[in-house]
Structure formats: C-alpha cells, structure tokens
Amino acid sequence: MALPKGEWATKLRTMRHYNAIARRYDELYGSEQLAKMKLVEQGIRIEAEEVILDVGCGTGLFFDLIAPKVKLLIGLDISFEQLKIAYKKMKRFNNVQLIRADAEHIPFRENIFDKVVAVTLLQNLTDPERFLREVIRINKPHGECVITALKKKFDKDKLISLLRKAELDFRFLEEETKDYIVLCRTI
C-alpha cells in the first residue's frame, strides 16, 4: 500500500530523528521513559503465558521489566538505529524478538497478542486512529493495551475522543506525569 506523500515525509522525519539520537537516547530520556514503563507495568497484570507487543520499543528499555515475566515479548519500531541498540539488550533473553515496522501498519495477523504496550508513541504517528484500529485488530478479544500520550501534544479531551471513537474501554492510570497513561481493553 502506497502512503500519501505528506504522510511518508512525516514518517521519514520521525525515522531520521530517532536514528540520529539512538546512541544517546537512553542517556537523554532513559530515566523518564523507565519511570513511565514502571507505571505501565504496575497498571497491568502480567501472566507468564502471555504474548506482548511493545510498539515503538525504541532501544528496548521495557525488556528488563517485562521479558522475565512473559512467554514472548516482541519489540516493534520504525527506527533501525534504535533497534540495533534494542538488539544488544534483547540478547539477554531467549523470549524477545524484534521487528522493524510501522506502528500504523502492524505486520501481524489478527487476535495474536494478549497485551499491547505503546509508550511515548502516539504523538509520533500520522494517524493515531489507524494505529488504534491496528491495536484492536492484533489484540485478542478483551485484550489489554496501555498507551501513553504526551500532554503537550494531546489534551485529555482529544485523547478521550480518540479512544471512544476506537470503541475502547479505558481508564487513566496516571496523570501526574508528562504523559497520560491509559489502560484500554478491547470491547
């Protein structure tokens, strides 16, 4: 499927940005991202037999928190340079796999994941509604997803409207951070 020119240009800018900062990403944002990820981890119940997708996995900061607790963790990101760093972290685990892909066109069949996690991703997407449709498609019926959204990019009403339009059941887990952290369930 060909993307409209403007949409491709935005995705290319995002890829280039994250490729450029990949080596310094953990140093620049690691503690902030890890704090969000710990809140995400506390907000969901993780089962040993679950298959989880970390969309926008970046450098793999979430791996240490989740991989020891699940059957399979798949990290997906559009940035090749970020994935190269994640690959080094992935080697510590035998149940983590990586894939380079676009979050708005996730290359998995339907109903495969128990949970989907997307930390600090929504503001980088050209079509957040398309992403949410993808999450619903790949998540098992009544599956969970945790999404964070930067407050400086999404006001709460816009985010609520987006989640309702996607027909997700949701609740806010944390609002005292720079992000809204939202636990969603497919209906």
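## Basis of the model

Because the model is predicted, local features need pLDDT of at least 70 and side-chain atom pairs count only at pLDDT 80 or more, while totals for chains, interfaces and linings use all residues. Residues are numbered from 1 along each chain as its sequence is written, and side-chain values use heavy atoms, with hydrogens and water left out.

## Nonpolar cores

A nonpolar core is a set of buried Ala, Val, Leu, Ile, Met, Phe, Trp, Tyr and Cys residues joined through side-chain atoms within 4.5 Å. Buried means under 20% relative accessible area, exposed means over 50%, and partly exposed lies in between (1.4 Å probe, protein chains only). The largest nonpolar core has 33 residues, and Leu53, Val55, Leu122 and Phe131 have the most contacts inside it. At least two residues of this core come from each of several elements, among them strand S1 (51-55), helix H4 (128-138), strand S5 (139-150) and helix H5 (156-165). Helices (H or I, at least four residues) and strands (E, at least two) are DSSP runs, numbered from the N terminus.

Phenylalanine 131 touches Val55, Ala103, Glu104, Ala118, Leu121, Leu122, Leu125 and Ile147. That list leaves out residues up to four places away in sequence, and contact means heavy atoms within 4.5 Å. A second, separate core has 27 residues, including Tyr18, Met37, Val70 and Val96.

## Helix H3

Helix H3 covers residues 80-90, and its buried residues are Gln82, Leu83, Ile85, Ala86, Lys89 and Met90. Seen down the axis of H3, these residues fall within an arc of 160 degrees, so they line one face of the helix. The arc is that of the directions from the helix axis to the C-beta atoms.

Helix H3 also holds lysine 84 and glutamate 81, which are 3 residues apart and separated by about one helical turn. The two form a salt bridge, with the closest N and O atoms 3.2 Å apart. A salt bridge is a side-chain nitrogen of Lys or Arg within 4 Å of a carboxyl oxygen of Asp or Glu. Lysine 84 is partly exposed at 39% relative accessible area, and glutamate 81 is partly exposed at 25%.

## Glutamine 33

Glutamine 33 lies in helix H1 (residues 5-43) and is buried, with a relative accessible area of 5%. Not counting residues up to four places away in sequence, glutamine 33 touches Tyr25, Leu61, Val119 and Thr120.

The side chains of glutamine 33 and tyrosine 25 are joined by a polar contact of 3.3 Å. A polar contact is a pair of N or O atoms within 3.5 Å; within protein, one must be able to donate a hydrogen and the other to accept it, and residues adjacent in sequence count only if both atoms are side-chain atoms.

## Other salt bridges

Side chains of opposite charge can pair when their charged atoms come close. The whole structure has 20 salt bridges. In one of them, glutamate 47 pairs with arginine 45, the closest N and O atoms being 2.7 Å apart. Glutamate 47 is partly exposed at 34% relative accessibility, whereas arginine 45 is exposed at 64%.

Glutamate 104 forms a salt bridge with arginine 130, with the closest N and O atoms 3.1 Å apart. This pair links distant parts of the chain: glutamate 104 is in the loop between strand S3 (96-100) and S4, and arginine 130 is in helix H4, 26 residues apart. Glutamate 104 is buried, with a relative accessible area of 1%, and arginine 130 is buried at 17%. Salt bridges link Glu7, Lys11, Asp102, Glu104, Asp127 and Arg130 in a network.
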